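The sequence and the structure are shown first.

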Amino acid sequence: MSIQQRLAKLNPRQQEAVRYIDGPCLVLAGAGSGKTSVITTKIAYLVQVCGMSARRIAAVTFTNKAAREMKERVGQMLKGKEGHGLTVSTFHTLGLNIIRGELKALGYKPGFSLFDPEDAKALLRDLMNKDAQVDAEQINAVQHQISAWKNDLVLPGQALSHAVDEDEQYAARVYEAYVRHLKAYNAVDFDDLILLPVVLLKDNPEVLARWRRKIHYMLVDEYQDTNVSQYLLVKLLMEERKTFTVVGDDDQSIYAWRGARPENLVTLGEDFPRLNVIKLEQNYRSTGTILRAANTLIANNPHVYEKTLWSEMGQGTPIRVVVNRHEEAEAERVASEILTRRIKESASWRDFAVLYRGNFQARLLELKLQHYQIPYKLSGGTSFFSRNEIKDAMAYLRLLINPADDNAFLRIVNVPRREIGPGTLEKLANYATERGASLFDACHELGLEQQLPARAVERLGRFTHFIDGVRRRMDEGDALAAIRGMLHEMDYEAWLYQNASAPTIAERRMANVWTLIDQLEKSMKRDPEEIEAEESAETDDVEAAISRLVLRDILEQQAEEDDTDKVQLLTMHASKGLEFPHVYLMGLEEELLPHRNAIEAGTVEEERRLAYVGITRARRTLTLTLARQRKAFGELMDCTPSRFLDELPPDDLEWEGRADKEDPDKKQARGQDAIAGLRSLLG
Ligand code: ATP
Ligand code: MG
């Protein structure tokens, strides 16, 4: 299909949005109205009609899944070389690319490492434990605060003046040390991927000019979820040319808890007075019934921009609300229904998506799906390789085959505890940088004694000696025995027990580690495929086997690429921008959706937007499920149906299993709560 044909398929407002290229453009529209379609078509338009090089175009969005989908859609339009050098990525990947290109200006060495939230937490724990014993909750709070500051572009030097109470003052001090240590480790954290580029572009005109020459046109999807730093990144890059298109829907803003600022929609109009605002009103995704439900629900929120969505997809079937006895029955129901409905509707597995509020809700469902042998894909859950104990074990394996792997070194030098603190590591890192040596090698250098107290040098020496010993034993003979021996010798198991909240958890974690080593053993045995390629190769090489494991680890992280025919399980947050013919929304209960924290914090509006996002993923059928009882803290608790159910058009709902309707007392109590709430609002 040519670009002209593609354009002709869009409605007049969409066409206008695609064709408008001389200034800043905002497409503001509800779910399923073709915002993302505007972005993808516009990329092709810029290249094929305006003759812009794809290299000069950057399109950004929020989740990996959304970025991948967008890439795919664009890939179908741009042929061959046309798409070369095009950036379609998440905000964080764009930031990572800028950091990679500007390491020197940023004062980082090549080979910097990206700390994931767990790595960052470990560093915070060490820093905070210096003063006093702190618990996980305190660490989480500080981590959250630091992240909020970074998203708001508050630098360590400014945090103290932003702090409103003692806790925040404390967090500000930790923030300062945390940033210093990250730098010493030549590491950045997740939020730095946006923050560092923004600070650099702001402070360094040369770098700014370079990137402005590089990127001539920007497109941003899901703009309502940008935070301050992300908005500034777009603004800095585009301030001069003013050539960008952002699309968004304030009703789908669901990342306030991560610093998102839907007000950025308004700010944009202030910063770019010539902003061309285009509204889209036709929905091409959902049936009339689904759309009406979404519109009616979201009408309960206050609105900056009024939107009215309509659809030509026909009314479709009613929305089913299925009440189950308990959570297990709910999971059972969803799984068995998908099994039969796939055949009835002659659908594929991938046509079904099950959405829920929290990842924990997927566990029971997974069991049921496995029971029925239904293939499924879980997004965003903790996969085997992202478990802490597996990461530790992998870091040991990596260090054994490559002592220069500083990331691996940092991860496990003090795991189990060897009394090697962040202060020591900071000095070691500085010294290693000076000598141009790896951390591991720097431990062996004589000069280190001038930098560190004798006791610290001795502890580091003991660690490297230990690793060297294992390496020697691996070379000499049975590598696997050497690795197993290492785990016993350092008593990793005891460490797990010390750090787990319950012995059974520690037990399971240790079992995971042994599973990993078993995998390694299997991988060292001849790999049938490899033998075909390389007739007699004895693949009894532990290094190769470990590399294969590391690769599998990386692939696992990219496993989301896998779009074979599977039922999709994902959180409502992760479902943004996606669409499925048949959608199940689970757990429509008070305290779950809306979430208890949101009810307590008075942020139910954001939960309503979340439900809106969930509902608007559905194209043809929507099923809402809930349980009358759910386990919490080891006990079965009664659940109340979600208030959002009351906000849907009753005539469009088809209830099942509501034999004993809601306890009238409770309903009345809830009504009174609402009235009291209203009264207090009205003063
Ligand atoms: P969301 O807010 O959920 O991200 P969106 O506004 O980005 O939704 P799209 O995903 O671009 O919407 O489009 C929704 C569906 O409508 C897609 O299947 C898309 O192919 C289809 N669509 C978009 N525009 C048109 C059109 N003009 N004619 C027919 N189908 C369209
Ligand atoms: Mg979209």
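The text below treats the chain as a whole, then a sheet, a helix and a ligand shell.

The model is predicted, so that local features need pLDDT of at least 70 and side-chain atom pairs count only at pLDDT 80 or more, while totals for chains, interfaces and linings use all residues. Residues are numbered from 1 along each chain as its sequence is written, and chains are lettered from A and ligands numbered from 1 in the order in which they are written.

**The chain.** The chain holds 32 helices and 18 strands; these are DSSP runs numbered from the N terminus, helices being H or I of at least four residues and strands E of at least two. Of its 683 residues, 39% are buried (20 or more other C-beta atoms, placed from the backbone, within 10 Å of the residue's own). Among contacts (C-beta atoms, placed from the backbone, within 7 Å) with a separation of 6 or more, 77% join residues 24 or more positions apart.

**The sheet.** An open sheet is formed by 6 strands in the order E3-E2-E6-E7-E1-E8, with parallel pairing (two strands pair if DSSP finds at least two bridges between them). Strands E3 and E8 stand at the edges with a single partner strand each, so one side of each has no neighbour in the sheet. On average, neighbouring strands are turned by 15 degrees against each other, direction ignored. Strands E2 and E6 run parallel and are joined by 4 bridges; in one of these pairings, alanine 58 has methionine 218 in E6 as its bridge partner.

| Helix | Strands touched | Angle |
|---|---|---|
| H5 (residues 91-101) | E2 and E3 | about 115 degrees with E3 |
| H13 (residues 228-238) | E6 and E7 | about 160 degrees with E6 |

**Helix H11.** The 12 residues of H11 (residues 192-203) should span 16 Å, and the end C-alpha atoms are 16 Å apart, which agrees; the expected span is 1.5 Å times one less than the number of residues. Its buried residues include Asp192, Leu193 and Leu201. Among the elements that cover them are H5, H12 and H13.

**Ligand 1.** Of the 19 residues around ligand 1, Gly34, Lys35, Thr36, Ser37 and Tyr284 come nearest (a residue is near if its C-beta atom, placed from the backbone, lies within 6 Å). Helix H3 (residues 35-48) gives the largest share of this shell, 3 residues.

Definitions and conventions:
Axes are lines fitted to C-alpha atoms, for helices over the stretch in contact, and angles run from 0 to 180 degrees between N-to-C directions. Two residues are in contact if their C-beta atoms, placed from the backbone, lie within 7 Å. A residue is buried if 20 or more other C-beta atoms lie within 10 Å of its own, exposed if 12 or fewer, and partly exposed in between; C-beta atoms are placed from the backbone.
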